[in-house]
Amino acid sequence: MSSAIQMLRNEAGEPGVLHRPVYRVLQAHHAQMATVHMRDLFAADPARFERFSLRVGGLLLDYSKNRITGDTMSLLVRLAEEADVAGWRERMFTGEKINNTENRAVLHVALRNRSKQPMRVDGEDVMPKVSAVIGRMATFAEQVRSGEWRGYTGKRITDVVNIGIGGSDLGPQMVCQALKPYHHPQLKAHFISNVDGAHVQEILEALNPETALFIVSSKTFATQETMTNAHHAREWFLARALATRHVARHFVAASTNRHAVAAFGIDPAHMFEFWDWVGGRYSLWSAIGLSIVLAVGAERFVELLEGAHEMDGHFRHAPLEQNMPVILALLGVWYNNLFGAESHAILPYDHYLSSLPAYLQQADMESNGKSVSRDGKVVDYSTGAIVWGASGINGQHAFYQLLHQGSRMIPADFIVSVEPHTELQAHHDILFAHFLAQTEALMRGRTRGETLLEMGSPEGDSAQTGQFVQHKVFDGNHPSNALLLQKLTPHALGMLIALYEHKIFVQGVIWNLNSYDQWGVELGKQLASRILPELQAAAPVTGHDASTSALINHYRRMRQPHAGL
Ligand code: F6P
């Protein structure tokens, strides 16, 4: 079948998850599983860990603490087969325009293609230009890191400032944080994203213009928040450096928009390019990763790419039932669509991964937060989960109460490294013990009998214990995945990020979504550009709903309380 005919077939509409024949069988199976406790599943099967765990390279996934049996996984895999996950996967890897609403290929895997194999978009092998940009980034980063690249007064660069938002911020920021132990000791990385002037001001106040290097990171080079911050940084710089010719030593860009970069005044020789087939939230592997290369060096960046490439190979070639991203995706569908779980928690037990939840929030929610199928029909099933989370240890003392005894099911991913980056082994053992304890407690819970025993009342409820015992009972049966990295190296991090990217892809296929557009962010942008001039208007504003108009007028009055507006 030609790819055009294949696309037409897909455009004609494929059913989403609820309409696949296997779904009825899954529903019946779910009805049986709804009352099964994981405690009993573990008791009945001592080999449950072996059955439901998987290693890929240095990454171990234990998914045995899920409300599943072998039958569950077989049915879920059948669901993936019926949704043609394998076919869509191949379409992505071969550069088909699976982002159908924007008519774009989705080929971030090419950015970390470390094989010598070509990868094509519109018949063109994109690998030469991918390699060329990586080469330019490496050369530039080496000049800065070695001190050869000097600021306008001849001093070496000490601070790198990425100005971007969304995918042009969260990815590089998360990776730079995760790889802190590998940073150049004399280069500090900063990230400005918020258009709240406090963010840019706070960072600029701590900088010396002679030694600061700004990377304006924006796929479109048109995002209002980024451009406002970039222009402000440029003005701040020029107020001190005085001559525009100095901008060239202190401003570079990562973008797809050569024209806008030149119009901003950045030398095109200092623009690091990427392409429309790289989605913003999948772009840390591209020129958007320049701050990462500056922080950790090109070699480490390549290790990050290699890790992702290893996961790409696993995802592309492993059978669905032994495929880590597919398994994570299917478990998510199981809880989301069958159990009605609304959210999914990301709980890193690694200090350096504390930005991972925010990063995955965008990756997942901007990709699968959609209620129209790829063929334009409103879906009648739930799609992307609410992704949230925080550093696990801190979370234990904040929101875990609700995970353990709240009324909702919240599946969670626990992510932990076996080897720490510090020599504080005792700290690490405590951290690791807590991670294990939490997953065990969530799974097992504590029965009424066990609780009474602990309360010292083996014979049953006395009047006093009876009153409070229920508060101390844990139902358990809360699902979790454990992901163990040997150590948080660039390679392991690359694998981890690519794992989640592909999980999101598989879920999008099962829900029949286009995971690679983001029309839902447009309306707010349009309204903001209408409202902005109204904030300056002379006459009171009336053209909105009563609430919005009143708030605009309140802001106008209160911003300048003495202006008599
Ligand atoms: O929030 C919408 C969005 O388009 C994201 O998808 C993207 O990562 C972000 O804005 C930034 O866009 P740009 O890189 O074009 O500035």
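An oxygen atom of the ligand lies 2.6 Å from an N or O atom in the side chain of Thr220, a polar contact, that is, a pair of N or O atoms within 3.5 Å. The model is predicted, so local features need pLDDT of at least 70 and side-chain atom pairs count only at pLDDT 80 or more, while totals for chains, interfaces and linings use all residues. Residues are numbered from 1 along each chain as its sequence is written, and side-chain values use heavy atoms, leaving out hydrogens and water. Polar side-chain atoms of Ser168 and of Glu366 also lie 2.6 Å from an oxygen atom of the ligand. Ser168, Ser218, Thr220, Thr223 and Glu366 come nearest among the 14 residues around the ligand, where "near" means that a heavy atom lies within 4 Å.

We turn next to the sheet. Five strands form an open, parallel sheet in the order β6-β5-β7-β8-β9; strands are DSSP runs of E with at least two residues, and helices are runs of H or I with at least four, numbered from the N terminus. Two strands pair if DSSP finds at least two bridges between them. Because β6 (188-192) and β9 (271-273) stand at the edges with a single partner strand each, one side of each has no neighbour in the sheet. Strands β5 (residues 159-163) and β7 (residues 212-217) pair in the parallel sense over 5 bridges, and Ile215 in β7 is the bridge partner of Asn162.

Finally, helix α15 (residues 298-317) contains 20 residues. Its buried residues (under 20% relative accessible area, 1.4 Å probe, protein chains only) include Phe301, Leu305 and Met311.

Methods: Expected span 1.5 Å × (residues − 1). Buried < 20%, exposed > 50% of the residue type's maximum accessible area, 1.4 Å probe, protein only. Polar contact = N/O pair within 3.5 Å; in protein donor to acceptor, adjacent residues only side chain to side chain.
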